[in-house]
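Please read these notes alongside the model.

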Amino acid sequence: MTKPRYCHFCVHNIPVVDYKDIQTLRRYISSYGKIVPRRKNGVCSSHQRKLALAIKRARIVALLPFSTR
């Protein structure tokens with residue numbers, strides 16, 4: 001039996017997913033540079049949408065790469 005996953009942002013009471021917080025955003029990007037789906041990372045749906053938008057904004061500003069290869 002697997003342990004239940006909890007949303008990192010809900011548990012730590014983080015209201016805003018900031019696109020400038022690269023260390024947090026890297027947790028939710030695969031080794032190929034793709035955004036990890038919600039069923040794998042355990043983030044709730046509202047924070048997953050905010051997370052995807054923050055990752056896309058960070059890519060446009062060149063804080064994160066679009067791909068690694």
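1. The chain has four helices and zero strands. Read from the N terminus, the order of elements is α-α-α-α. Helices (H or I, at least four residues) and strands (E, at least two) are DSSP runs, numbered from the N terminus.

2. On provenance: this is a predicted model, where local features need pLDDT of at least 70, side-chain atom pairs count only at pLDDT 80 or more, and totals for chains, interfaces and linings use all residues. Residues are numbered from 1 along each chain as its sequence is written, and side-chain values use heavy atoms, with hydrogens and water left out.

3. Overall dimensions. The C-alpha trace spans about 35 × 25 × 15 Å along its principal axes.

4. Burial and contacts. Of the 69 residues, 33% are buried. Buried means under 20% relative accessible area, exposed over 50%, and partly exposed in between (1.4 Å probe, protein chains only). Take contacts between residues at least 6 apart in sequence: 60% join residues at least 24 apart. Contact means heavy atoms within 4.5 Å.

5. The core. The largest nonpolar core has 13 residues; Phe9, Val17, Leu25, Tyr28, Leu51, Ile55 and Leu64 have the most contacts inside it. Helix α4 gives the most, with four residues. Such a core is a set of buried Ala, Val, Leu, Ile, Met, Phe, Trp, Tyr and Cys residues joined through side-chain atoms within 4.5 Å. Beyond its neighbours within four places in sequence, Leu25 touches several residues, including Val17, Leu51, Ile55 and Leu64.

6. Ile22. This residue lies in helix α2 (residues 22-26). Ile22 counts as buried because its relative accessible area is 18%.

7. The surface. Ile60, Val61, Leu63 and Phe66 form a nonpolar patch with about 430 Å² of accessible area together. Patches take residues with over 30% relative accessible area and no salt bridge, joining like charges within 9 Å and nonpolar side chains (Val, Leu, Ile, Met, Phe, Trp, Tyr) within 5 Å. A salt bridge is a side-chain nitrogen of Lys or Arg within 4 Å of a carboxyl oxygen of Asp or Glu. Areas come from the Shrake-Rupley method with a 1.4 Å probe; for residues, only the protein chains shown count as cover. Phe66 sits in the segment after α4 (45-60) and is exposed, at 58% relative accessible area.
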